[in-house]
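This briefing goes with a single protein model. Please look over the sequence and the structure before reading the points.

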Amino acid sequence: MAPALVDYTDAEKELYEFDDLKIGVKGLVDAGVTHIPRFFIHPPECRGNNSSAPQNNGADGVEIPVIDLEGFNDNDDRRVKMVNAIRYACATWGFFQIVNHGVPVAVMEEMVESIRRFHEQPQEAKMEWYSRDFSRKVNYYSSGDIKGRAKPVPAEWRDTLSCRAADDQWDFDALPELCRREMKEYMKNMIDLQEKLSELMSEALGLSKDHLLSTGYLKSIKLSGHYYPACPEPDLTLGTIKHSDPSLLTLVLQDKGNGLQVLHNDQWVDIPAVDGAFVANIGDFMQLLSNDKFKSVEHRVLATSFGKPRISAVSFFLPCAKDIHKPCGPIKELLSDNSPPIYRITSYAEFMSHYRVVGQIGGRALPHFKL
């Protein structure tokens, strides 16, 4: 029998009561639930098995680009090919995978395992980190920012350990000891990789290679360690709802578990886990700054019934803290009589205020800033 449609306003009280328990989705699974609470049930049209957009598993050749960074420091044809590949991927897909990026495989594997250790430690040990005070440097919470959304929406089947640094100045001592060493080494490598991609994206836009770095647009970092437990009723819920990122650039390290999908030409396309690869995607604010030359696209994570949890480390690169109120708009070097500005002058702070209203409930923030 199909489940009854859920009154999410009514279910919101139950979601808050669940959140106050501080046990997360992992706590439900450990308790042996066989049916998910109703506040996790999504409308039929939004579920992974019944979307208005068809599914695609790459069988007909529709796959996101894979870009090889081997030879990044060489000024030869390989560098030219990299820039052209980045330009194509950012303009047409908004998503791509990168290999031979310079981050040691051991660092990547240890990062995934450290996230697993945190989420699979005894519940009592995790509770001290559970908080929705996002001014803190470290938070552990379940199902996204449920109290910052504009209207009640279904919960998401995941738990998250979130850490942030203003202007890439990390207080590593503030991180949980259980994963501190691994996160410290991982973030050092993420900063290096972001600098490589900033160069390539600058060149892909026809700018000097140091343009994005010199502006400080990608100076701050937020790291989210997501844990998606196996779900007893995966067809009724989602690990992450359809959304686009508010960042400029996002880098995703996923384990061998699948479930990440990108919406391309009105079709959901699987992003398979590739050994040693990162998934990169363009965020909304990069689309604004590039005047639509780069595209930010919607994506989601399916819930699965497989035995092992899905684990990912997601690095969001954001403007430096001192500049979030600074007026900015499409990069002036990209504008001309034939390419007038599409977006008005705004600030990252204003953009994020609007994103929190619409972006966290499955809407798009960018149209609000169009001229």
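The model is predicted. In UniProt, an unreviewed entry lists residues 219–319 as "domain: Fe2OG dioxygenase". The span is 48% strand and 6% helix, and the C-alpha atoms at its ends lie 6 Å apart.

**The sheet**

- Eight strands form an open sheet in the order E2-E3-E11-E8-E13-E6-E5-E4, and the pairing is mixed.
- Strand E2 (66–68) and strand E4 (138–142) are the edge strands, each pairing on one side only.
- On average, neighbouring strands of this sheet are turned by 25 degrees against each other, with direction ignored.
- Strands of a sheet pair through backbone hydrogen bonds, and the sense can be parallel or antiparallel.
- Strand E6 (residues 220–228) pairs with strand E13 (residues 310–318) in the antiparallel sense, over 9 bridges.
- Within this pairing, serine 224 stands opposite valine 314 of E13.

**Helix H6**

- Helix H6 covers residues 180–204, which is 25 residues.
- From the first C-alpha to the last, helix H6 reaches 35 Å, close to the 36 Å expected at 1.5 Å a residue.

**Threonine 250**

- Threonine 250 lies in strand E8, which spans residues 249–254.
- Threonine 250 counts as buried because its relative accessibility is 1%, and the cut-off for buried is under 20%.
- Beyond its neighbours within four places in sequence, threonine 250 is in contact with Asp245, Val279, Ala280, Asn281, Val314, Ser315 and Phe316.

**Valine 314**

- Valine 314 lies in strand E13.
- With a relative accessible area of 7%, valine 314 is also below the 20% cut-off and is therefore buried.
- Leaving aside neighbours within four places in sequence, the contacts of valine 314 include Lys222, Leu223, Ser224 and His226.
- Thr250, Leu251 and Val252 are also among the contacts of valine 314.
- Leucine 335 is 21 residues from valine 314 along the chain, and their C-alpha atoms are separated by 32 Å.

Definitions and conventions
Residues are numbered from 1 along each chain as its sequence is written. This is a predicted model: local features need pLDDT of at least 70, side-chain atom pairs count only at pLDDT 80 or more; totals for chains, interfaces and linings use all residues. Side-chain values use heavy atoms; hydrogens and water are left out. UniProt positions are given in the numbering used here, feature names are shortened, and annotations may be inferred rather than shown by experiment. Helices (H or I, at least four residues) and strands (E, at least two) are DSSP runs, numbered from the N terminus. Two strands pair if DSSP finds at least two bridges between them. Axes are lines fitted to C-alpha atoms, for helices over the stretch in contact, and angles run from 0 to 180 degrees between N-to-C directions. The expected span of a helix is 1.5 Å times one less than its number of residues. Buried means under 20% relative accessible area, exposed over 50%, partly exposed in between (1.4 Å probe, protein chains only). Contact means heavy atoms within 4.5 Å.
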